[in-house]
Amino acid sequence: MTEPVTKYFRAIGDVQGVFFRKTICLAAKFKGLVGGASNLSNGQVEFILTGKEDTISQLIKSIEKTKPLNNFGAEVIDVLEVKKGRDLESHQMTTLNVTSFSMLHTYI
């Protein structure tokens, strides 16, 4: 069995005020990943994903190509992998505390 990996990302696009953090956390949870997301002051969202590397890669590809990501218009222009980020517990929303929201429909 392969060891889980942890990767850090920044999302650029229409990602604040459109339930992007919740969408990412719900998608990660559904795919068996652990993760979290937080808004940044520059309009980006940083997020962390832990799990199987191929599952993380598939989710990132889906995030980049799916337009929009949810019915609130979340849309990513680019996802950048970064070397470091905050730990899971420091994120505003995580797969551990995310709850579904009946008005949110995700497409990833």
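**Entry 1: Thr 55.** I looked up which residues Thr 55 touches, and found Lys 31 and Leu 33, leaving aside residues up to four places away in sequence. Contact here means heavy atoms within 4.5 Å. I am reading a predicted model, where local features need pLDDT of at least 70, side-chain atom pairs count only at pLDDT 80 or more, and totals for chains, interfaces and linings use all residues. Residues are numbered from 1 along each chain as its sequence is written, and side-chain values use heavy atoms, with hydrogens and water left out.

Thr 55 belongs to helix H2, residues 53-65. Helices (H or I, at least four residues) and strands (E, at least two) are DSSP runs, numbered from the N terminus. Is Thr 55 buried or exposed? I noted it as buried, because its relative accessible area is 15%; buried means under 20%, exposed over 50%, and partly exposed in between, with a 1.4 Å probe and protein chains only.

**Entry 2: strand S3.** Next I turned to S3, residues 45-51, where six of the seven residues are buried. I found S3 antiparallel to S1 (residues 5-14), with seven bridges joining them; two strands pair if DSSP finds at least two bridges between them. Across this pairing, Leu 49 in S3 stands opposite Lys 7.

S2 (residues 34-39) also runs antiparallel to S3, through six bridges. Here I saw Val 45 in S3 as the bridge partner of Asn 39. S2 and S3 make a hairpin with five residues between them, and Gly 43 in the turn has a positive phi of about 90°.
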